[in-house]
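Subject: Handover of a structure for your review

Dear colleague,

Please find below the structure that I am handing over to you. My findings follow it, and I would be grateful if you read them with the coordinates open.

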Amino acid sequence: MFNKQSENLFLSSYLKQDTPVHNYSVTIVIPCLNEEGNLERLLLNIEETFEKIGFSLPVLVVDDGSTDNSYKILNQMSEKYDYLSIIRHPERRGVTEVWKTALDNVQTDWIFWGQADLESDPRTDLPLLLEACVPGVDAVAGWRQKRGDGKLLASKLANTTCHLLFGLKIHDMNWIKLVRRDLLLTLPVETITHRYLLAVLAAQGYNVTEVPTPWHPRYSGTTKFGKKRLLTSAIDFVKLWWWFQTEGSQVNRGQKKRIDSMINYAAVVQQEIF
């Protein structure tokens, strides 16, 4: 039989009473590809964000093979901001590989996935997502408001499809997000790809919620995604669906059984405590 201390530790762990706001265990991860015109302003905004919320968090920028001065600027910025770490891919590998690099190197309980193009402003968005991450929430997505990047139709189609097939209830799955790192460690990210991480978590029964966030025009540079993205997204979705029907179905059944067991056991523990 657990003693009171063990019972409380169990409930804290499995009922997720700790949140990012309470334990500060969050790393801000930012993918970067040829963003030399945005980086100084981005890091200044992050610094202002930390001043606003009253504490700083580790920041990891993954340079995905930039060919401009991004890596040089990041190294200069790391001398100014002691919370900034940099990992450089020698060549462009894509967003999914940036996620894998982050998961291999981040040690905090949560990951905040940001943007280097300043379409997301951390001064507003980080506090909003942190505040929305209440006990019982496993991931929070930003929902772009007044979006003007010309990709709204394609995004709506993808999100609607994932709502119908995976039970994802949010409007904007492929944007900034705050997510439990341990959940992602159990997934084959190279198969699911970065686009469908939240859809899979929702299908596994985790609580994925959202909060409206303001959208801003890109500050400098050009988008790295064109019409080819529609084709790659479709291919990635076919891969995801096949995984979900084969290997993923086993993972999902095991995950549901594990969650049900934890809930049942937690109920017993709560009865003994109270």
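How many bridges join strand β1 to strand β4, and are the two strands parallel or antiparallel? Four bridges join β1, residues 26-32, to β4, residues 110-113, and the two strands run parallel. Within this pairing, Ile28 stands opposite Phe112 in β4. Please note that the model is a predicted one.

**The sheet**

Strands β1 and β4 belong to an open sheet of seven strands, in which the order is β3-β2-β1-β4-β6-β5-β7 and the pairing is mixed. The edges are held by β3 (84-89) and β7 (208-214); each has a single partner strand, so one side of each is left without a neighbour in the sheet. From one strand to the next, the twist averages 25°.

Two helices deserve mention here. Helix α3, residues 39-53, lies across β1, β2 (59-64) and β3, and runs at about 165° to β1. Helix α6, residues 122-132, lies across β1, β4, β5 (139-145), β6 (177-180) and β7, with an angle of about 155° to β7.

**Salt bridges**

The structure holds twelve salt bridges. In general terms, side chains of opposite charge can pair when their charged atoms come close.

One of the twelve salt bridges is formed by Arg123 with Glu48, whose closest N and O atoms are 3.0 Å apart. This pair links distant parts of the chain, since Arg123 lies in helix α6 and Glu48 in helix α3, 75 residues apart. Arg123 has a relative accessible area of 27% and is therefore partly exposed. Glu48, at 32% relative accessibility, also counts as partly exposed.

A salt bridge also connects the side chains of Arg88 and Asp63, with an N to O distance of 3.3 Å. Here the distant parts that are linked are strand β3, which contains Arg88, and strand β2, which contains Asp63; the residues are 25 apart. Which of these two residues is buried and which is partly exposed? Asp63 counts as buried because its relative accessibility is 0%, under the 20% limit. Arg88, by contrast, has a relative accessible area of 34% and is partly exposed.

The side chains of Arg180 and Asp138 meet in a further salt bridge, at 2.6 Å from N to O. Arg180 lies in strand β6 and Asp138 in the loop between α6 and β5, so this pair ties together parts that are 42 residues apart in sequence. Arg180 counts as buried at 13% relative accessibility, and Asp138 is buried with a relative accessible area of 3%.

**A nonpolar surface patch**

On the surface, Leu164, Leu165 and Trp241 form a nonpolar patch, and their accessible area together is about 310 Å². Trp241 lies in helix α11, residues 228-245. With a relative accessible area of 33%, Trp241 is partly exposed.

Yours sincerely

Conventions. Residues numbered from 1 in each chain as written. Predicted model: local features only at pLDDT ≥ 70, side-chain atom pairs only at ≥ 80, totals over all residues. Heavy atoms only, no water. Pairing = 2+ DSSP bridges. Axes fitted to C-alpha atoms, helices over the stretch in contact; angles between N-to-C directions. Contact = heavy atoms within 4.5 Å. Patch = residues over 30% accessible without salt bridge, like charges linked within 9 Å, V, L, I, M, F, W, Y side chains within 5 Å. Areas by Shrake-Rupley, 256 points an atom, 1.4 Å probe, with all protein chains shown as cover. Salt bridge = Lys/Arg side-chain N within 4 Å of Asp/Glu carboxyl O. Buried < 20%, exposed > 50% of the residue type's maximum accessible area, 1.4 Å probe, protein only.
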